[in-house]
Amino acid sequence: MDKVQLLLTLAAALFALGLLGVTVRRNLLVMLMCMELALNGANLALVTFAHQMGEAVGAVLVFLIFVVAAAEIAIAIPIVLLLVRRKRTLDPGAYSDLRG
Amino acid sequence: MSEAAVLNAVLYLPVAGMVLLALVPAGRDALVRRIALWTMLLQFALAAWLYLRFDPAVAGLQFETRIPWIESWGVYYHVGLDGMNVLLVLLTAFLGPLVAAGAFSAITKDVKLFYAMVFFIQFAMLGTFVAQDLFLFYVFWETMLIPMFLIIGIWGGERRIYATLKFVLYTAAGSILMLAAVIYLVYSLHATTGIASFAFADLYRTQLPLGVQTWLLAAFALSFAIKVPMFPLHTWLPDAHVEAPTAGSVILAGVLLKMGTYGFLKLGFPLFPDATREFAPLVMTLAVVSIVYGACLALVQTDIKKIIAYSSISHLGYVMLGLASLDLLGVQGAIVQMVSHGLTSAGLFLMVGMIYERCHTRELAAYGGLAKLLPVYSVFFMILTLASVGLPTTSGFTGEFLVLLGAFNAAWPLYQQGDGYPLAVAVAAVSGVVLGALYMLWFAQRFLFGVAKVPHGPVPDLNLREKSILAAIAVGIFWLGLFPNEPMRKTELAAKQYRELVAATRAPVQAAVSLRPVAPQPDPLPARGAMGPAPTEATR
Amino acid sequence: MGTLTLIVLLPLLGFLANGLLGNALGKRFVSVVGCGLPLASFALAVLALRALEAGGAPIVEVAYTWALIGDTAFEIAFYFDRLAAVMTLVVTGVGSVIHIYSTGYMHDDRSYARFFAYLNLFLFFMLLLVLGRSMLVLFVGWEGVGLASYLLIGFWYEDPANAAAGKKAFITNRVGDAGFLLGMFLLYFAFGTLDMDRIDAAFMSGPVAVSASLAGVLLFIGASGKSAQIPLHVWLPDAMAGPTPVSALIHAATMVTAGVYLVARMSGLYLNAPEASALVAAIGAATAFFAATIAIAQNDIKRVLAYSTVSQLGFMFAALGVGAYGVAIFHVFTHAFFKACLFLGAGSVIHALSGEQDIRRMGGLAKKIPLTFATFLVATAAIAGIPPLAGFFSKDEILWFAFASARGGSPLLWAVLAATALLTAFYMFRLLWLVFLGRSRVTPEVAHHVHESPWSMTGVLVVLAILSAFGGFVAIPHFLEPLLPLPAVAESARPLHKPLIALAIAIAAAGIAAAAYFFGGEAKRAAAVGERFAGVRRVLANKYYVDELYEAAIGRPLLWISEHVFLRLGDRALIDGTLHALAAAARGGAAMFARVQTGSLQLYVFLVLAGAAASLLWIWRHV
């Protein structure tokens, strides 16, 4: 396996881990962290392709993603805080008021 | 052109009334009532003018208005009067002021909204009758559901939510199927002749194989049969009537039920003549079952509104029998019976409302000997009972006699040729005459005669407003009973046209138009203007 | 406006005037209008008769066209020939005198105006019936007299039994009307018209396209409803709940004869319908005998007369059945006089006894109310068939043709009718004895007030008694001969004519003698026989339990089926049940699908991803 394949595998693994974590972890903050993990998996894939193709576009996009992710976390954490203030738990299973 | 404007005026006057009512400040109930009554009286005056100016000798539409609406589909705003709807328009406009006046003391909360809904439904009902374009007809047909839903749901009795939901869902279910049939019908017309049109005149010329006609007729018939109502699709009616306020019941029985029979007369049967002739025995059977079943059920009811509700099912069975008989006497009788039933049912429900306002119960056992306590009331009740029973000199006799004569007239030659079923059906229908007298007179006996008792008595007899309303209905009943010739002149040409349309054979030998194209088309949406030329002069 | 239209409309005017203004304008107004207008109609009828005799051809007046459909015009038209003349004169004549009688009888009644309004309404419809040219007009009158009868039987509606009796009358009539309608429809189909004179002419002129017998039977069903023949006779005795003038006018003299008039009017049809005529004769004779047997066991003075009416109507139908239409109308004519006299006499007795109607509490009234007794005696003798009173002539003709007519006359028919005549004489004189003669069994409080009726009542009784006595000399069958020819008589029977007349007189005398034997004096012998045959007596007194049979066979099953099969099973369980099941299914299906909406964020995320993965997979495979 050459370098690119290894890095892509790593990126895919990071993404899958993050996805899995979002789906199965029962802690809102951990879910957020897993979402970041998935994002970084995508980042890694982008940088790898940028390196492979010799283009800078991929790397530039990663910077954009960093900024957006940071902004997203800046909003998400306070939301989680407010939610926890209502339900006193970080378990997403408790937030099922919109049940059918 | 100005004559056609009168028809539009009649149609849109209720809309103007709604706007006017919206401008009335809250709390001015007396003003609301006066506006409602005068608007309805004006509408009736205009409708009466239209009726008097209607020329019996003209075969086509009169007071016609035809404005393009969605031209590429062939949809026009096309309204007009012909023999089939002129009497129904008159009946609707006639019942308008009676409903408005009848609800003066019955409706005390949200009066403005109530009369706005009455206007709305008047608009929708009149639109259904005068529409000559299938799209327009369907729009008005569906529109009628909303105000009726609100009238029953807001001002109704205890189980009003159940009753109004039953009514709306039942009717809407039929309408959905009818929509599918409408779409197929128009599509097939376009595919076979290249004419894109929703106009009745064009649709009467479609050529569909018998199998297709059967399915389409079933779809249309389901919707109309629910409205009529025919057995076995009738169970929404007793609940709707019992829970509706008096004005709602009057509108429902007086006009709404006629929309179903009118649908059969104007659309269901003439559009699919081969299927109609094929299934006429079934329709006749269901009609007679309605007559007998409705009468038997009316016999065992204890709620006076339910008795009259089941009597409606029975009376409208006669209309369907007349339409299915395809005999001129039967068709004319059916049209007269429609109007007659509108008058008698409206009158009976108004009377039930009047006694309910006084005594707050609909249990028959709570009443007795009203002839002594409320003599004027009893006289009118007797007149309406006898009209319902079909006593000669009342409109009920004209309708029933002509329908039965027509049914028999059509059935006897068939019997002589070996098909005895229509004759058996006609003979069974005559038994409805006995059953009708049985339940109505037993009702009258327990209600008017015997030991005098009334809950929360003593109660006052009819006041001037109530007497005027009932007198107007009585005049209508005797007019149709004693002098039916003049209105029947006006409907005759339309009745003959109905017979011709239903007698025609329009099923071609080739297969139906398929909705699935044989080869996959690259562009499923045709370009604008590719749906063929606009209807030519010939299709008017 | 033509004379005939005026004859018909004057009573209608009376109805409107008395109905709307009567209470306000008082009894004098109501009496004058109520009696005057029928008398005016009578006078006009006489004038019309003179015009008819002068002109020779029947008078036809078209009032207006009721409906014009296709090629047929349904017209409201009136037709005056000799038959219509006889009927009109009887209706307006007897009707007018009964109106006059009512001014006395109903004098103290609270609803005086309403009574006269209804009586005038009845007269209007009855005249429509007899003067109508087409069966449509006749039917309007037919149903209309049913309505008037309903209103008048239930006149004192505060007693629920009266209202129920009115309803029974209307419904029973309606059953007959169903048959009538079918007969009408059949005739319309065959001839394209409902004008009776044209239908008759068509039947007489050649073979017709429709079975005359079927039409005849159907029309006869209608006639038996209106004229109380078996099996539709049950309403007439109950109709006695109405005031006595009503019983006299409607249920004796006029309305019940409408069926007889119908068959006579359609004589052309019946001449060509031997099976139908045989049925008419058979039912007529059976009814006559059947009702007579019941009459001998009744104890209410009006019920005896009611069953007597049913029996006499049976005689008329027997005459019609053997083709002696003119003779049947003759009996209508004479019967109107003596039966009205009997009923009004009974009314006088009831009036004298302050409302008592049970003959077991009467007796010995002959001296106290002599005028009533005298007229009652004359009328009773007339109905028993004693010459030279009216009843003798008409009944004798019927008996003769029942025996000898070439169209169905037979010794058996004669025997049944003769036995009925015997019973008739018997029960009528039984009535006379128990009411007027013998020892008084009147209760003491009533006995004090026994008084003769006022002149408005007794005057009418005298007039009717005179007509009962001499009416037989009016040769109605001969008068109607050109229209309703008498049937041919079998040659072998001709020499028996005089012996049969003698036999008839003997039968009448035997009946009277038997009545005198059993009921004379203390009526002990009658009581003894009654006890020995108590079972038979009970059956007769309970009218053979026919009402109970109808109730059990038709009434209760109808209600049971309507309630349990149609309502509970059909409407509620099946139809509404299906609807509710559909609604429940929709709700259940929706609930099932709603289970996906758990509210769990993580499940949603999973489902989104799963869906995305599936779409990607599909795209990868197919594109």
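This is a predicted model: local features need pLDDT of at least 70, side-chain atom pairs count only at pLDDT 80 or more; totals for chains, interfaces and linings use all residues.
Good morning, colleagues. I shall begin with how the chains are arranged. Two pairs of chains touch, and the pair with the most contacts is that of chains B and C. Chain A and chain B, by contrast, do not touch, and 22 Å separates their nearest C-alpha atoms.

Let us take the interface of chain C and chain B. On the side of chain C, 50 residues are in contact, and they meet 61 residues of chain B. Together the two chains bury about 5000 Å², and carbon and sulfur atoms account for 75% of that area. Three residues, W66(C), R174(C) and F185(C), provide 15% of what chain C buries against chain B, which is more than any other three residues.

In a salt bridge between D576(C) and K166(B), the closest N and O atoms are 2.9 Å apart. Of the elements of chain C, α5(C) gives the most, with 16 residues.

R174(C) lies in helix α5 of chain C. Is R174(C) buried or exposed? R174(C) counts as buried, because its relative accessibility is 2%, below the 20% cut-off. Setting aside neighbours within four places in sequence, R174(C) is in contact with V389(B), G390(B), L391(B), V433(B), V434(B) and A437(B), and also with E143(C). For V433(B) the geometry is specific: its backbone oxygen lies 3.0 Å from a polar atom of the R174(C) side chain.

I turn next to chain C and chain A. Here 11 residues of chain C are in contact with 13 residues of chain A. The area buried between these two chains is about 840 Å², with 61% of it on carbon and sulfur atoms. G599(C), Q602(C) and L609(C) supply 52% of the area that chain C buries against chain A, more than any other three residues. Between chain C and chain A there are 0 salt bridges, and 2 residue pairs are in polar contact, with both residues at pLDDT 80 or more. Helix α25 of chain C, residues 601-622, gives the most to this side of chain C, with 6 residues.

The largest nonpolar core has 435 residues, and F220(B) and F447(B) have the most contacts inside it. Helix α14 of chain C, residues 325-352, contributes the largest share of this core, 19 residues. Another core, of 9 residues, lies apart from it and includes V22(A), A76(A), V80(A) and Y95(A). Returning to F447(B), its contacts beyond four places in sequence are I304(B), I355(B), L364(B), Y367(B), G368(B), G369(B), L370(B), Y377(B) and F381(B).

How many disulfides are there over all chains? The count is 0. C341(C) illustrates the reasoning: the closest cysteine sulfur, in C35(C), is 18 Å from its own, so the two are too far apart for a bond. C341(C) is also buried, because its relative accessibility is 0%.

Finally, some local backbone features. The peptide bond between V228(B) and P229(B) is cis, with omega about -10 degrees. P229(B) sits in the loop between α9 (210-227) and α10 (236-243) of chain B. A cis peptide bond also runs from P387(C) to P388(C), where omega is near -5 degrees. The loop that holds P388(C) is the one between α15 (370-384) and α16 (390-404) of chain C.

Positive phi values occur as well. A228(C), which is not a glycine, has a phi of about 55 degrees. A228(C) belongs to the loop between α7 (212-226) and α8 (235-238) of chain C, and it counts as buried because its relative accessibility is 0%. Y544(C) has a positive phi near 60 degrees and is likewise a residue other than glycine. Y544(C) is found in the loop between α23 (534-541) and α24 of chain C. With a relative accessible area of 32%, Y544(C) is partly exposed.

Thank you for your attention.

How values were computed:
Residues are numbered from 1 along each chain as its sequence is written. Chains are lettered from A and ligands numbered from 1 in the order in which they are written. Side-chain values use heavy atoms; hydrogens and water are left out. A disulfide is a pair of cysteine sulfur atoms within 2.5 Å. Buried means under 20% relative accessible area, exposed over 50%, partly exposed in between (1.4 Å probe, protein chains only). A nonpolar core is a set of buried Ala, Val, Leu, Ile, Met, Phe, Trp, Tyr and Cys residues joined through side-chain atoms within 4.5 Å. Helices (H or I, at least four residues) and strands (E, at least two) are DSSP runs, numbered from the N terminus. Contact means heavy atoms within 4.5 Å. Buried area is the accessible area (1.4 Å probe) that two parts lose on being put together, summed over both. A salt bridge is a side-chain nitrogen of Lys or Arg within 4 Å of a carboxyl oxygen of Asp or Glu. A polar contact is a pair of N or O atoms within 3.5 Å; within protein, one must be able to donate a hydrogen and the other to accept it, and residues adjacent in sequence count only if both atoms are side-chain atoms.
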